[in-house]
Amino acid sequence: MKKELSLEEYLSGLKGKDLSILAKAITLVESKKEAHKKLASELIQAILPETGNAKRIGISGTPGVGKSTFLENFGMFLVDQGKRVAVLAVDPTSQVTGGSILGDKTRMAKLSSHADAFVRPTPNGPTLGGVAAKTREAMLLCDAFGFDYIFVETVGVGQSEISVSHIVDMFILLMQPGSGDELQGIKRGILEVSDLVIVNKSDGAHEATAKIAQHDFKKSLEVLQDKRKWQCPVVRCSSVFKKGFREVDDYIDDFFDQYDTNLRSAQIKVWLEELLKDKFQSALKNYSAFEETVTAVQKGKLQPIEAVESLYKGLLKND
Ligand code: GDP
């Protein structure tokens with residue numbers, strides 16, 4: 001049997017910048033075992049004073065847009081300047097398939113083997129809120145460890161991005177040129193929360209269409225974000241040819257120079273509400289009387305309002 005680490009061993013490993021201890025600490029916070037949960041919460045509590053220094057950045061875009069190529073090469077660009085870079089991934093599809101489809105270590109081979117970088121694939125969880133909660137704790141561990149940049153990569157354009165936008169400071173959306181339907185395809189909600197849009201693959205034959213896409217995004221963002229103080233820039237880059245990285249980095253710096261720390265506390269409130277909703281939803285789904293109550297309503301034996309009252313009372317008693 002493997003020896004379990006103590007709280008002190010985790011703490012001294014993190015302090016000593018031991019990447020293998022960081023990986024174990026993340027496994028601990030992801031664990032569903034009760035004994036692990038207790039130790040994990042003691043660990044998170046103990047490292048909290050060391051957090052708050054990293055730039056926590058969400059990064060999203062549809063599969064194939066170039067997220068891993070971007071993170072690999074932009075990550076190396078940052079590491080070459082003496083920065084420490086962590087990449088965590090949230091992959092909602094793994095909830096369905098039961099495993100990560102990403103294989104991030106192979107997708108980001110150079111970055112993941114660099115001493116100043118850390119790449120970690122998806123935690124699994126029964127709910128998206130649960131997965132994001134684990135990611136948040138993993139992020140806190142990376143923050144305390146001393147990473148300057150923590151990227152949280154999400155796949156699939158939808159609710160996961162909105163959830164992730166509540167646990168990071170900055171949200172980057174990666175797009176690619178050449179698809180006229182793209183603007184309709186992406187959910188407005190994601191553009192609304194984006195702090196930087198990157199039109200990737202702006203190279204070779206794609207360059208002209210990338211310029212058009214950049215222009216179109218700027219126009220849409222002016223409308224969608226007209227009330228925001230920070231106007232979301234749209235930059236073109238080529239992750240393969242490593243073009244546009246300096247500009248991306250400058251915008252990230254500008255964003256953090258202007259970052260309003262009040263946002264963090266507002267964020268925590270939204271986040272807490274989201275977790276609570278999540279908890280209620282899963283409690284309701286697991287509640288034994290749920291299905292039969294729904295059937296009774298469908299058959300007209302019970303009025304919806306009565307059903308809600310009875311489920312609500314039952315749930316409260318159940319807990
Ligand atoms: P992901 O699914 O979003 O992580 O996308 P990948 O990083 O795996 O990239 C998908 C494909 O797009 C790969 O074949 C990459 O080589 C290619 N790609 C990524 N970035 C660029 C880029 O800047 N320019 C070009 N021309 N191709 C790119």
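What follows describes the sheet, the helices packed on it, and then the surroundings of the ligand.

Please keep in mind that this is a predicted model.

**The sheet.** Seven strands make up an open sheet with parallel pairing, and their order is β3-β2-β4-β1-β5-β6-β7. At the edges stand β3 (117-120) and β7 (234-236); each has a single partner strand, so one side of each is left without a neighbour in the sheet. From one strand to the next, the twist averages 20°. Further in, β1 (residues 55-61) pairs with β5 (residues 170-175) in the parallel sense over four bridges.

Helix α12 (residues 207-224) lies across β5, β6 (196-199) and β7, and runs at about 175° to β7. Helix α13 (residues 245-257) also packs on the sheet, where it touches β1, β4 (149-155), β5, β6 and β7. The direction of α13 makes about 130° with that of β1.

**Around the ligand.** There are 15 residues around the ligand, and G64, T69, R107, D203 and S239 come nearest. By class, this shell holds three nonpolar, eight polar and four charged residues. Helix α4 (residues 67-79) gives the most to the shell, with three residues.

| Residue | Atom on the protein side | Distance to a ligand oxygen |
|---|---|---|
| T69 | polar side-chain atom | 2.5 Å |
| G66 | polar backbone atom | 3.0 Å |
| V240 | backbone N or O atom | 3.2 Å |

Taken alone, the ligand exposes 580 Å², and the protein buries 69% of that.

Technical notes. Residues numbered from 1 in each chain as written. Predicted model: local features only at pLDDT ≥ 70, side-chain atom pairs only at ≥ 80, totals over all residues. Heavy atoms only, no water. Near = heavy atom within 4 Å. Polar contact = N/O pair within 3.5 Å; in protein donor to acceptor, adjacent residues only side chain to side chain. Areas by Shrake-Rupley, 256 points an atom, 1.4 Å probe, with all protein chains shown as cover. Helix = DSSP H or I, 4+ residues; strand = E, 2+ residues; numbered from the N terminus. Nonpolar A, V, L, I, M, F, W, Y, C, P; charged D, E, K, R; others polar. Pairing = 2+ DSSP bridges. Axes fitted to C-alpha atoms, helices over the stretch in contact; angles between N-to-C directions. Contact = heavy atoms within 4.5 Å.
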